[in-house]
Amino acid sequence: MIIQKTENSRISTFDPNNFSFGGTFIDHMIICEYEDGKWGDVKLVPYGPIPFTPAMMGVNYGQACFEGMKAYKDKDGQVFLFRPEKNFERINKSAKRLAMPEVTEEMFLDGLKALVDIDREWIPQGEGMSLYIRPLIFATEEALKARVSNKYMFAIVATPAKSYYSEPVSVKISDHYSRAANGGVGSAKAAGNYAASFYPTQLAIEEGYEQIIWTDDATHEYFEESGTMNVFVRINDTIYTPPTSEKILDGVTRDSFIQLAKKRGIEVKVEPIPVKTVIEALKGGSLKEVWGVGTAVVTTQFQALGYQGEKLALPRLSDEESFAALLKKDLVDLQNNLSEDPFGWRVIVDHALETV
């Protein structure tokens, strides 16, 4: 790894009590270029612009994917990654589906550790605080030709993060737009998936909702995801979540919630969730809660479902009654080294630069 430390750190300008998530970037980034059929040297360099042209193929033809993950700092200043091997596996799954070269485990994991190590001062401490990390791969060849690119860049950037979506939100069950289709790229974290979701979400916001529950493209009769999150439904004391597929992303937070729930003895059923079943359970009183999970938000609880022109209120549960709140606390405590880690999910970042 080639390491070029910044000579002008911006850490003195960072206020951990007052910053913008997604708009405040740490001092460094990781970059690595692919050309002539192979990846070059991984470089840790000062964060900043990279020169590209409007003819870059990633912009024109959409060969771009990314990951979302976090680093955490405990009360003693130790820094941890959370299940990074899952993000490594998934970014390569996305790259393969988009006909891009896969990255090596060494590039991905050593790059992560080196970046988090050198900029560990940027990781805020406290409840809900973390460093959000964005590994990405995109086509960089300058060519207006509808084909697979010959040049790519792997990069990792990061931004301090704090809790958001802390209040329950209202979501509209989609009966027209879909996030993904069979045979498509729904199981990949393709950049274009997010662009395609913005317009339907804007329409839902205009109707008084904050987000959408995506349904299947063929019939719109089954839950799939919610916004950029995996979705969970609790009927009585059983949790349901749709199985992953070509259309549904294999979320790391989703898998963590499932395993934490099972550890607590909560019944979890991974099976298709019919919209009608949820609405009938809501009207019949057996639907207890619906929520979304994802890396950035951890958990977003829903307060109302929009369905066929109606806005149906969900039960308001206390944190003690809510499975969503209980499992969120279990996960956050584990991530922040406030509880035991029986799964081996925490990966300590300790003097990474001395070993790369």
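All views are taken from a predicted model.

**Figure 1. Lining of the second largest pocket.** By class, this lining comprises 16 nonpolar, 12 polar and 12 charged residues. The pocket has a volume of about 850 Å³. It is lined by 40 residues, and those nearest its centre are Glu127, Gln301, Asp319, Ala325 and Lys328. Two or more lining residues come from each of strand E6, strand E16, strand E17 (298-307) and helix H7 (323-335). Helix H7 provides the largest share, 7 residues.

**Figure 2. Lining of the largest pocket.** The volume of the largest pocket is about 990 Å³. Its lining consists of 47 residues, of which Phe66, Tyr132, Arg134, Lys189 and Tyr194 are the closest to the centre. At least two lining residues are supplied by each of several elements, among them strand E5 (64-66), helix H4 (191-206), strand E13 (229-235), helix H5 (252-263) and strand E16 (287-294). Strands E8 and E9 also each supply at least two residues of this lining. By class, the lining has 28 nonpolar, 14 polar and 5 charged residues.

**Figure 3. The largest nonpolar core.** This core has 43 residues, and those with the most contacts inside it are Trp39, Val103, Phe108, Val116, Ile133, Ile137 and Phe154. Strand E2 (28-35), strand E6 (69-73), strand E7 (79-82), helix H2 (84-97), helix H3 (105-118), strand E8 (130-139) and strand E9 (152-161) each contribute at least two residues to the core. Helix H3 gives the most, with 8 residues. A second, separate core of 24 residues includes Ile213, Met229, Tyr240 and Ala281.

**Figure 4. Surroundings of phenylalanine 154.** Residues up to four places away in sequence are not counted in this view. Phenylalanine 154 touches Ile30, Ile31, Cys32, Trp39 and Val103, and its contacts also include Met107, Phe108, Pro135, Leu136 and Ile137.

**Figure 5. Cysteine 32 and cysteine 65.** The structure holds 0 disulfides. Cysteine 32 is in no disulfide, and the nearest cysteine sulfur, that of cysteine 65, is 14 Å away. Because a disulfide requires a pair of cysteine sulfur atoms within 2.5 Å, the sulfur of cysteine 65, at 14 Å from the closest cysteine sulfur, in cysteine 32, is too far for a bond. Cysteine 32 is buried, at a relative accessible area of 1%, and cysteine 65 is buried at 2%.

**Figure 6. Methionine 57 in helix H1.** Methionine 57 belongs to helix H1 (residues 57-61) and is buried, with a relative accessible area of 0%. Apart from neighbours within four places in sequence, its contacts are Gly62, Ala139, Glu141, Ala143, Lys145, Arg147, Val148 and Ser149. From methionine 57 to glutamine 301, the separation is 244 residues in sequence and 39 Å in space, C-alpha to C-alpha.

Figure 7. Most residues other than glycine have a negative phi. Histidine 220, although not a glycine, has a positive phi of about 55°. This histidine lies in the loop between strand E11 (211-215) and strand E12 (223-226), and at 18% relative accessibility it counts as buried. Valine 298, likewise not a glycine, has a positive phi of about 65°. Valine 298 is part of strand E17 and is buried, with a relative accessible area of 11%.

Note on methods. Residues are numbered from 1 along each chain as its sequence is written. This is a predicted model: local features need pLDDT of at least 70, side-chain atom pairs count only at pLDDT 80 or more; totals for chains, interfaces and linings use all residues. Side-chain values use heavy atoms; hydrogens and water are left out. Buried means under 20% relative accessible area, exposed over 50%, partly exposed in between (1.4 Å probe, protein chains only). A nonpolar core is a set of buried Ala, Val, Leu, Ile, Met, Phe, Trp, Tyr and Cys residues joined through side-chain atoms within 4.5 Å. Helices (H or I, at least four residues) and strands (E, at least two) are DSSP runs, numbered from the N terminus. Contact means heavy atoms within 4.5 Å. On a 1 Å grid over the protein atoms alone, a cavity is a set of points where a 1.4 Å probe fits but cannot get out, and a pocket is an open set with protein on both sides within 12 Å along at least five of seven lines; lining residues have an atom within 4 Å of a point. Grid points are joined across faces, edges and corners, and a volume is the space filled by probe spheres set on the points. Ala, Val, Leu, Ile, Met, Phe, Trp, Tyr, Cys and Pro count as nonpolar, Asp, Glu, Lys and Arg as charged, and the others, Gly among them, as polar.
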